[in-house]
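Open the model in your viewer and keep the sequence panel beside it. The stops below go strand by strand.

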Amino acid sequence: MFARLEAKLPELRKKPIASPVELKKLFDASELGDRPLVLHPIVHGERVYAIVLRAVGDTSVVQFVGVPLAGGEHEVLGKVTIPERFGSTHAGQNTFVTAACTDRNSYFAAIRGVGIVEFGLRAQRQSILVRGEWLPTGVIGSLALAGGQLYVGMNGGKLLRAKMMTGQVDTLASTNVNVVKSALDDRPPFDLPIMLADDARNRLLIIVQDRHDTGRGAEIWQLSTKTHELSLLQTLGRIQLGLTASLQDDVLTLSDTWFLRWNLKSDDITVVAS
């Protein structure tokens with residue numbers, strides 16, 4: 001894939017790309033309290049949903065907020081209190097709410113010490129889908145819903161599946177196993193910072209990055225949501241700034257020091273910027 005990318009760069013550099021951007025404030029998070037941190041915004045329908053994290057006394061308060069894209073009043077749809085203060089000792093780093101995803105009715109957030117919490121998108125409804133003690137020790141790097149199942153990417157090298165009805169957790173891949181069952185098993189520790197549901201092809205797209213420099217760089221793996229078979233789809237190489245990815249319909253958009261769109265149906269790649 002990146003040989004094709006390099007071939008397109010000379011043509012790209014001849015044509016500056018005009019991309020006018022209009023900025024509009026939808027919500028002032030300070031209305032919820034002092035020094036808030038807004039996390040994991042996700043646009044769904046005519047609203048954007050996000051987590052607002054702030055310190056209150058010796059605790060941290062996680063609020064789930066919905067804001068109309070057309071403007072208007074925000075709505076607090078849920079709240080969780082963590083018995084540990086988020087503040088200057090964390091140097092502004094978010095280690096409290098580390099991943100989120102949505103389906104048609106719910107927003108799922110990985111909350112430290114609590115587990116995976118489900119919030120309702122249209123009403124004040126919340127419940128703990130997967131309790132923290134049911135999960136392996138470590139930080140959840142990504143969440144994704146695909147094929148009616150919730151998938152959990154643990155930094156350090158575990159891919160889990162949580163059943164929606166019971167919250168029961170199964171391990172699909174792990175760096176620490178005695179019997180190798182998947183293509184990701186028993187390799188050096190890795191992180192799973194991004195997972196994207198590709199429902200049109202009955203699969204989950206997973207970004208895999210080794211925790212230490214192994215020379216492999218970042219990779220895109222695919223997990224069949226029917227058979228749960230894992231396979232390597234594409235090698236991305238060394239990431240310099242931090243990879244971002246999104247999937248809309250058949251188009252996978254990737255960016256680092258470059259920005260490209262990959263049509264998964266036709267296998268065409270369009271370089272947008274570099």
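Predicted model: local features only at pLDDT ≥ 70, side-chain atom pairs only at ≥ 80, totals over all residues.

Residues are numbered from 1 along each chain as its sequence is written, and side-chain values use heavy atoms, with hydrogens and water left out.

Next, select 47-56 and 59-68, which are β2 and β3; they pair in the antiparallel sense over 10 bridges. Strands here are DSSP runs (E, at least two residues) numbered from the N terminus, and two strands pair if DSSP finds at least two bridges between them. At one end of this pair, pick Arg47, which stands opposite Pro68 in β3. Then go to the turn: two residues separate β2 and β3 in this hairpin, and Gly57 there has a positive phi of about 65 degrees.

Move on to β4, which runs antiparallel to β3 and is joined to it by seven bridges. Gln63 stands opposite Lys79 in β4. The β3-β4 hairpin has six residues between its strands, with Gly71 in the turn at a positive phi of about 100 degrees.

Now show the whole open sheet, four strands in the order β1-β2-β3-β4 with antiparallel pairing. β1 (37-44) and β4 (75-82) each have a single partner strand, so one side of each lacks a neighbour in the sheet. Neighbouring strands are turned by 15 degrees against each other on average, direction ignored; the axes are lines fitted to C-alpha atoms.

Colour β3 by accessibility: nine of its 10 residues are buried, meaning under 20% relative accessible area with a 1.4 Å probe, protein chains only. Select Val62 and its contacts (heavy atoms within 4.5 Å). Not counting residues up to four places away in sequence, Val62 touches Ile51, Val52, Leu53, Gly78, Lys79, Val80, Ile82, Val97 and Ile111.

Which residues touch the most other members of the largest nonpolar core? Select Ile51, Val62, Phe64, Val97, Tyr107, Ile111 and Phe119, out of 20 residues in this core. Such a core is a set of buried Ala, Val, Leu, Ile, Met, Phe, Trp, Tyr and Cys residues joined through side-chain atoms within 4.5 Å. Elements giving two or more residues to this core include β5 (97-102), β6 (106-111) and β7 (115-120).

Last stop: another open sheet, antiparallel, in the order β17-β18-β19-β20. In β20, Ile269 is the bridge partner of Trp262.

Terms used:
Axes fitted to C-alpha atoms, helices over the stretch in contact; angles between N-to-C directions. Buried < 20%, exposed > 50% of the residue type's maximum accessible area, 1.4 Å probe, protein only.
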